[in-house]
Amino acid sequence: MPTALITGASAGIGAEFARQLAGRGYDVVLVARTRETLEKVAAQVRGAHGVEAHVLPADLGDAAQRRTVEQWLADNPVDLLVNNAGFGLNGAFADVPVERLNEQLEVNVTAVMRLTHAALPGMIRRRSGAIVNVSSFAGFFPAAGAAYGATKAWVTAFSEGLAASLAGTGIRVLALAPGFTRTEFHDRAGDQDRGPRWMWLNADRVVRECLADLDRGKGVSVPGKRWKALLALVRLLPPPARRWVGAKVATQRGRT
């Protein structure tokens, strides 16, 4: 039976990945900071799908705790790695404590790089496997949130570059770049009332479309027809116009 390790698996998109992958017959390994919430998700997927569900509590912003997950991946090759953990911060860049900005960088960027590096050798030996890195639509115009947008731009670029370097190895790499999705992430960031209602997606759809895109061999997944259309429009804009739009979004959201 295939195995998937999912970070940020206690709620939102991460928990939905656990449910849908379990429905596809994957055993799952769930990573997040809080054991209690992980155990609830694990019990749910075991009961619903009869798969194995293990919990691996770790704060990926902490180097020592992150190393325990890296070592687990080195010792236990997985068929699918989902780097979902990440967070945004409220406030202007200059007003946010630099320690919090560094923590965001550690979770959104360093953890993605290091866990991917730990998982790849086993996949390369077997010439099979897949990696899904959860980015964000904000990564297409990082001016929408200085530090956060920049971290997500890195995730998308990293995923595309890695996919190119692994061509012919049997390993698939996909960056998932969702727009507004109704999860605890946006609740914590205070974004739940931002933007028109028709632009919001639910986690079920985001994950379902992502896995379908992974099956089709796509390198980037942007769930939702409206978000795909918006991306096509954004890409037509010259860089100064794209930066202007991003700055307007950042001002409205108050995010970094």
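Phe-137, Phe-140, Phe-180, Trp-200 and Trp-227 form one aromatic cluster. The model described here is predicted. In total, the structure holds five aromatic pairs. A pair of aromatic rings is described by the distance of the centres and the angle of the planes. Phe-137 and Phe-140 make up one of the pairs, with 5.5 Å from centre to centre. Their planes stand at 75°, and the pair is edge-to-face. Both of these residues, Phe-137 and Phe-140, are buried.

Another pair joins Phe-180 and Trp-227. Here the centre-to-centre distance is 5.8 Å. The planes are 90° apart, and this pair too is edge-to-face. It links distant parts of the chain, as 47 residues separate Phe-180 from Trp-227. Phe-180 sits in the loop between strand 6 (171–176) and strand 7 (181–182). Trp-227 belongs to helix 8 (residues 225–236). Phe-180 is buried, and Trp-227 is buried as well.

Helix packing was examined next. Two packed helices are described by the angle between their axes and the distance between the axes. Helix 1 (residues 12–23) packs with helix 2 (residues 35–49) at an angle of about 20°. Their axes are 9 Å apart. Angles under 35 degrees count as roughly parallel, so helix 1 is roughly parallel to helix 2. The crossing of the two helices is right-handed. On the side of helix 1, the contact is made by Ala-15, Ala-18, Arg-19, Ala-22 and Gly-23. Helix 2 contributes Val-41, Gln-44, Val-45 and His-49. Of the residues in this contact, five are nonpolar, three polar and one charged.

Helix 1 also meets helix 7 (residues 203–215). The axes of helix 1 and helix 7 come within 9 Å and cross at roughly 55°. Helix 1 and helix 7 are therefore oblique to each other. Helix 1 passes helix 7 in a right-handed crossing. Helix 1 brings Gly-12, Ile-13, Glu-16, Phe-17, Gln-20 and Leu-21 to the contact. From helix 7 come Ala-203, Asp-204, Val-206, Val-207, Arg-208, Cys-210 and Leu-211. The residues of this contact divide into eight nonpolar, two polar and three charged.

One backbone angle also deserves mention. Arg-127 has a phi near 55°, a positive value in a residue other than glycine. Arg-127 lies in the loop between helix 4 (98–126) and strand 5 (129–134). The relative accessible area of Arg-127 is 51%, so the residue is exposed.

Conventions:
Residues numbered from 1 in each chain as written. Predicted model: local features only at pLDDT ≥ 70, side-chain atom pairs only at ≥ 80, totals over all residues. Heavy atoms only, no water. Helix = DSSP H or I, 4+ residues; strand = E, 2+ residues; numbered from the N terminus. Buried < 20%, exposed > 50% of the residue type's maximum accessible area, 1.4 Å probe, protein only. Axes fitted to C-alpha atoms, helices over the stretch in contact; angles between N-to-C directions. Parallel < 35°, antiparallel > 145°, perpendicular 65-115°, else oblique. Left-handed = near helix turned anticlockwise from the far one by under 90°. Contact = heavy atoms within 4.5 Å. Nonpolar A, V, L, I, M, F, W, Y, C, P; charged D, E, K, R; others polar. Phe/Tyr/Trp six-rings, centres within 6.5 Å; stacked < 30°, edge-to-face > 60°.
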